[in-house]
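Here is a structure, followed by some questions about the words used to describe it. Each answer sets a value against a cut-off.

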Amino acid sequence: MTALAGEPGREAGSVTARLLAVSHTGEHSGAEVVLRRLLRAATEAGWVVSAASPEGPMAEALRQDGVVVHLLPDLKLPSGPAPLAAAQLGVRQVVAAIRLRRPVGSADTVVVNGLLGLGALLPFRRRARVVWLVHDVIERRDRLFFLRLFRRAAGLTVAVSDATAAPLRARGL
């Protein structure tokens, strides 16, 4: 895609689209492989692609793909007592939001690769087109809690399978 037709002030074919991908973890497994394939396809289609990720195998793989990487804190749920873990994650979400301010402002579309990355994008929900790429079946109590907190960050939710989509549809997504 080379343009954002239908955007106010943008003519079809006039602007190269800019995509920011947000990975909540620095690990590199199945969900991250899917995200890398999406970013490669976007690059091949003419998008300018960048990413935000914690340091680790994912950030290194993205750099090898030629993607500019903005570093984030790890946004996985820490181990330990639930209230303390949630508080630690909250602090990391705030730090991530601060670090995302400029990259999000430069993007036309933001793809967040997981539930726990959404929290850092809540401050930008009215300024950015945020797409949540869902890989997990969200049924655990702690994940449902975070879903209630963060769901407003995404304007569009895309599930990778019917199994991941079913619990989200049941909750109005």
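**Rings, helices and a serine**

Two aromatic pairs turn up when the whole structure is searched. This is a predicted model, in which local features need pLDDT of at least 70 and side-chain atom pairs count only at pLDDT 80 or more, while totals for chains, interfaces and linings use all residues. Residues are numbered from 1 along each chain as its sequence is written, and side-chain values use heavy atoms, with hydrogens and water left out.

Q: Why is the pair of Phe145 and Phe146 called edge-to-face?
A: Rings of Phe, Tyr and Trp (its six-membered ring) pair if their centres lie within 6.5 Å, and planes under 30 degrees apart count as stacked, over 60 as edge-to-face and the rest as tilted. The centres of Phe145 and Phe146 are 5.3 Å apart and their planes are at 70 degrees, so this pair is edge-to-face.

Q: What makes the pair of Phe146 and Phe150 stacked?
A: The ring centres of Phe146 and Phe150 are 5.6 Å apart and the planes are at 25 degrees, so the pair is stacked. Phe146 and Phe150 are four residues apart in helix α4 (residues 141–150), which means that about one helical turn separates them. Ring pairs join Phe145, Phe146 and Phe150 into a cluster.

Q: How do you know whether Phe146 is buried or exposed?
A: Buried means under 20% relative accessible area, exposed over 50%, and partly exposed in between (1.4 Å probe, protein chains only). Phe146 has a relative accessible area of 5%, so Phe146 is buried. Phe150, at 8%, also counts as buried, whereas Phe145, at 37%, is partly exposed.

Q: Why are α1 and α2 called roughly parallel?
A: Angles under 35 degrees count as roughly parallel, over 145 as roughly antiparallel, 65 to 115 as roughly perpendicular and the rest as oblique. The axes of helix α1 (residues 30–44) and helix α2 (residues 57–64) cross at roughly 20 degrees and come within 11 Å. The two helices, α1 and α2, are therefore roughly parallel to each other.

Q: Which residues of α1 and α2 meet?
A: Contact means heavy atoms within 4.5 Å. Glu32, Leu35, Arg36 and Leu39 in α1 meet Met58, Ala61 and Leu62 in α2.

Q: What makes Ser50 buried?
A: The relative accessible area of Ser50 is 16%, so Ser50 is buried. Ser50 is found in strand β2 (residues 48–53). Not counting residues up to four places away in sequence, Ser50 touches Leu19, Leu20, Ala21, Val67, Val68 and His70.

Conventions: Axes fitted to C-alpha atoms, helices over the stretch in contact; angles between N-to-C directions.
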